[in-house]
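Here is a short report on one structure. Please look over the sequence and the model before reading on.

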Amino acid sequence: MAVLLIVEDDRKTNEAICEYLSLAGHDIIPAYDGAEALGLFGRGNVDLVVLDIMLPKVSGLSILHEIRQKSSVPVLMLT
């Protein structure tokens, strides 16, 4: 299946999303702030990013801007 980067600072919400998508057969990479997300995305092999807008350290919109400069990977924004 796909490799999904889940970027959500609320740990319970992040864990719930990860558990649900993991049970669907996807490989999950959790991130809890914007800086961590950028570092993990930079390693490659991400097929989809689930991205919260309001994050500590780097905002979701800034992360989206960085991703779009390097990649056309699909991004699902959470509000």
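## Contact between α2 and α3

In this predicted model, helix α2 meets helix α3 through Gly34, Ala37, Leu38 and Phe41. On the α3 side, the contact residues are Ile63, Glu66 and Ile67. By class, the residues of this contact comprise 5 nonpolar, 1 polar and 1 charged.

## Geometry of the helix pair

Two packed helices are described by the angle between their axes and the distance between those axes. Here α2 spans residues 34–42 and α3 spans residues 60–70. They pack at an angle of about 15 degrees. Their axes lie 10 Å apart. An angle under 35 degrees counts as roughly parallel, so α2 and α3 are roughly parallel to each other. The handedness of the α2 and α3 crossing is right-handed.

## The sheet

The sheet is open and has 4 strands. Their order is β2-β1-β3-β4, and the pairing is parallel. Which strands stand at the edges? They are β2 (27–31) and β4 (75–78). Each has a single partner strand, so one side of each is left without a neighbour in the sheet. On average, neighbouring strands are turned by 15 degrees against each other, direction ignored.

Strands β1 (residues 3–7) and β3 (residues 48–52) run parallel and are joined by 4 bridges.

Helix α2 lies across β1, β2 and β3. Relative to β2, α2 runs at about 145 degrees.

## Salt bridge

How many salt bridges are there? The count comes to 1. It joins the side chains of lysine 57 and aspartate 33, with an N to O distance of 3.6 Å.

The pair links distant parts of the chain, 24 residues apart. Lysine 57 sits in the loop between β3 and α3. Aspartate 33 sits in the loop between β2 and α2.

Conventions:
Residues numbered from 1 in each chain as written. Predicted model: local features only at pLDDT ≥ 70, side-chain atom pairs only at ≥ 80, totals over all residues. Heavy atoms only, no water. Axes fitted to C-alpha atoms, helices over the stretch in contact; angles between N-to-C directions. Helix = DSSP H or I, 4+ residues; strand = E, 2+ residues; numbered from the N terminus. Parallel < 35°, antiparallel > 145°, perpendicular 65-115°, else oblique. Left-handed = near helix turned anticlockwise from the far one by under 90°. Contact = heavy atoms within 4.5 Å. Nonpolar A, V, L, I, M, F, W, Y, C, P; charged D, E, K, R; others polar. Pairing = 2+ DSSP bridges. Salt bridge = Lys/Arg side-chain N within 4 Å of Asp/Glu carboxyl O.
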